Structures are given as C-alpha cells and as structure tokens.
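Subject: Structure for you to look at

Dear colleague,

Here is the structure I promised to pass on to you. Please open it first and look around, and then read the notes that follow, which go through what was found.

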Amino acid sequence: MNSDDISLETEWSDPMRKVIMWNMVTLDGFFEGPSKGQIDWFLFDDELEKYITGSQMSAGTLLFGRVTYEGMAAYWPSAEGQLAGFMNRVPKVVFSRTLERADWNNTRLVRENVPEEVSQLKQQPGGDIFIFGSADLASTLIPHGLIDEYRLGVSPFVLGGGTPLFKAGSGRLKLKLLEARVLKSGVVILHYKPE
Amino acid sequence: MRKVIYSMFVSLDGFIEGPNRNLDWHIVDGELHTYVNDQQREFDTYLYGRRMYEVMAYWETADKNPSSPEYEIEFARIWKRTPKIVFSRTLEQVEGNVRLVRDNIAEEITKLKEQLGKNMDLGGPNIASTFMQLGLIDEYRLFVHPVVLGSGTPMFQALDNPIHLRLVETRTFGSGVVYLRYQR
C-alpha cells in the first residue's frame, strides 16, 4: 500500500469509535450499594429501558472489569427480552489478570496492556464502545483520556454507602454538559464529555 | 410548617470541597448567582455548622470590595442581614447577625419549624449529616457542577438507611451546572 491508498482509506472510513461510560448513580455518587452488587434503587421502568435500548443498541463492543463482568455473566445468559438478547449477543471484552476464563457468549479476555488494547479497539471500525460499572477499569482509562463520553442516570436516592463510580485520587476531570434529560421516575440522565 | 432545605454546590462525584478544601471549581457566573440570589427570598434563616459558617463568613465583608460584581455584592447584603444560627460546641465567638446553639439540635429545630416564618437554608455536610440522622431535612438542592474532583469533602456522609427522594424541579444553566431539587 502506498500513501495515496492510506489517505483514500481515511477519507472513507468512519470517525474513531467513542468509548462511552454509562451508569446509574445515586446522589451520593455510588453505582452500587449499600452492599456489594445491590442495585434495587435503579428505578428501571419502560422509559429508562427505552432510553437505554435507544442509545445503546448501536454499541459495537462492551468493556468490563472483572467484578462487573462476573455480575453480568451470572445474570444475562438466563434473562429474557430485547435487552437480554442484545447483552448476550454483543461482543464483549473483560480486562482482568485474575479471571481464569470468560465463558459468557462472545467475550474476549484481556490480561494486560489495558490502555493500549482500548486505544487499538477505538481505531478499528465498529460501533460505539460502552463501559458499564467497572469503576476500576474506568479509573485506568480516564488518565489516558480514553473515555469520550460520560452518561449518568442519577437516581433520586442517597444510599449513605456503596461503591463510588469515580475512584478516589483519580484527579480532577473537567467536563462539558451535552444534555440533561428528566424521566418520569425522577431519574435524571446527564451526558458529559471531557473538556 | 417551615422547611429545612440542604442546598450545596457539588461536583459530579459528590464533593462540596476539593482536596485541601479547595473551592476554585465553583462556577459563580452572573446567571447562576442571580438565580441563587433570587432563591434567598425564600429563607429567613441560615443554619450552619462551624466549618461552613467559617467559610461563609467571607460574605460578612464581601460587599466592601469595589471590584466585586454586582450580583456578589447583592448576595453579600442579603446574607449579612439574614439571621444565622450556628450549631457548634467549640466555636467561641461569632459576629454579625448570628446566634450560637450548643446542643439540643432536634428540640431547637422542631421549635423553629413550628413557628411562623419562611424556610431555613442549611449548609455544611457535617451538620447536615446530624440533621439527616435526626430526620430534620425536608428538601435537598444540588447544584451539580460539570467536574469530577477525585477527592474532597463529601456532601453526604454515612447513613444507617438509604433515603428515597422525589425529584420536584430541575434547571440547566449555560455553564453546564445542573440544578436538582428533591423532597422527601
């Protein structure tokens, strides 16, 4: 291939894939709690499901850290419905040094070089890349500027304890608000991108 | 009955101060300040813990600074003349329109709520935590700033039981600050 071929390819190819973090979060900043894995405060109604399927069905890949992956892999394979079909079908990557195997349908296990792997993934053609939960993984990617959008569903709960979405000591991240949307349940969806 | 309203500027990750009690991330432009100034008409009392009072004491003299924007001077004037109650066992001295209360918070607030008057604005996460444990807060107002701070002073401390609130109002400002108002 000569340089002319490369520039033609760039003209025709899609813009670089976006990595988008999506999480339900409480007023006190937890994405699960008060105990580990507890998410009964999600207020998951038709309107929220419609928002999620609408904004995420185009996802090309899902990224997980081990803890979130294990929770999802235990739940979705036996779940039913449109969202379950999507979750089970979509290509997934789990980043973990300790996970022995990743048996959930269409999952690739990556043990190291996390930022490089994600960077490479972004340069390949495909749909948006989503991260759910996975606060540890997110805290690895944020300093490298690898997360392009933050979408939070703020639920009207104060838990008083739980797992923080943004890990301590991750340093300051300045954001630009793209959209604020209010659902009937009182959940407020906030979209940001890094400034 | 009068309401106690816990209202704070807060980061997306739930801090009201950054590391080293830093407040440089606060967006205090004309649009937001004017809105906050208008909200002050609703209150006839400010309730603070010691730390928040020490931070807010800045407003005691802010109207003397000629280079301050008009909306800051207006807030300073409103703040100075509004009666304040500071809940503290350790504070020795207060200045201005301030009353010091050393204990019996539940009794004091219950009495105040039963009196005729406007709503009371509560500031400060330490005192707010005490108020929350005692079930004294009626409304929560968060001015969510478009920033993740990573660490600092949390708006909400540990609780024995989660609190389920009802969203009653929202507003988005040009700066990206989102105002969320919740009631019990």
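**Where the two chains meet**

Between chain B and chain A there are six residue pairs in polar contact, counting pairs with both residues at pLDDT 80 or more. Please keep in mind throughout that this is a predicted model. On chain B, the elements that give two or more residues to the side touching chain A are strand 7 (139–145), strand 8 (147–148), strand 10 (163–164), strand 11 (166–172) and strand 12 (178–183). Sorted by class, that side of chain B has 19 nonpolar, nine polar and two charged residues.

The contact as a whole takes 30 residues from chain B and 28 residues from chain A. The size of an interface is often given as the accessible area lost when the parts come together. Here the area buried between chain B and chain A is about 2,400 Å², and carbon and sulfur atoms give 70% of it. B:Leu12, B:Pro146 and B:Val148 supply 23% of the area that chain B buries against chain A, which is more than any other three residues supply.

How many salt bridges are there between chain B and chain A? The count is one salt bridge, and it is formed by A:Arg172 with B:Asp24, whose closest N and O atoms are 2.8 Å apart.

**Strands that pair across the chains**

The two chains are also joined through their strands. Strand 8 (residues 157–158) of chain A is joined by two bridges to strand 10 of chain B, and these two strands run antiparallel; within this pair, the bridge partner of A:Val158 is B:Ile163 in strand 10 of chain B. Likewise, two bridges join strand 10 of chain A to strand 8 of chain B, again in an antiparallel arrangement, and here A:Lys174 stands opposite B:Val147.

**The sheet that takes in a strand from chain B**

Strand 10 and strand 11 of chain A are joined by seven bridges and run antiparallel, with A:Leu177 and A:Tyr192 as bridge partners. In the hairpin that these two strands make, which has five residues between the strands, A:Gly186 takes a positive phi near 95°.

**The sheet of chain B**

Chain B has an open sheet of eight strands, with mixed pairing and the order 5-4-3-6-1-7-12-11. Strand 5 (98–101) and strand 11 of chain B stand at the edges with a single partner strand each, so one side of each is left without a neighbour in the sheet. The twist averages 20° from one strand to the next. Strand 1 (residues 4–11) and strand 6 (residues 119–123) of chain B run parallel and are joined by three bridges, and B:Val4 has B:Met120 as its bridge partner in strand 6.

**A loop of chain A to look at**

Finally, please look at the loop between strand 2 (30–32) and helix 2 of chain A, where A:Pro34 is found. A cis peptide bond, with omega about 0°, joins A:Gly33 and A:Pro34. A:Leu43 lies in the loop between strand 2 and helix 2 as well, and A:Leu43 has a positive phi of about 55° although it is not a glycine.

Conventions:
Residues are numbered from 1 along each chain as its sequence is written. Chains are lettered from A and ligands numbered from 1 in the order in which they are written. This is a predicted model: local features need pLDDT of at least 70, side-chain atom pairs count only at pLDDT 80 or more; totals for chains, interfaces and linings use all residues. Side-chain values use heavy atoms; hydrogens and water are left out. Contact means heavy atoms within 4.5 Å. Buried area is the accessible area (1.4 Å probe) that two parts lose on being put together, summed over both. A salt bridge is a side-chain nitrogen of Lys or Arg within 4 Å of a carboxyl oxygen of Asp or Glu. A polar contact is a pair of N or O atoms within 3.5 Å; within protein, one must be able to donate a hydrogen and the other to accept it, and residues adjacent in sequence count only if both atoms are side-chain atoms. Helices (H or I, at least four residues) and strands (E, at least two) are DSSP runs, numbered from the N terminus. Ala, Val, Leu, Ile, Met, Phe, Trp, Tyr, Cys and Pro count as nonpolar, Asp, Glu, Lys and Arg as charged, and the others, Gly among them, as polar. Two strands pair if DSSP finds at least two bridges between them. Axes are lines fitted to C-alpha atoms, for helices over the stretch in contact, and angles run from 0 to 180 degrees between N-to-C directions.
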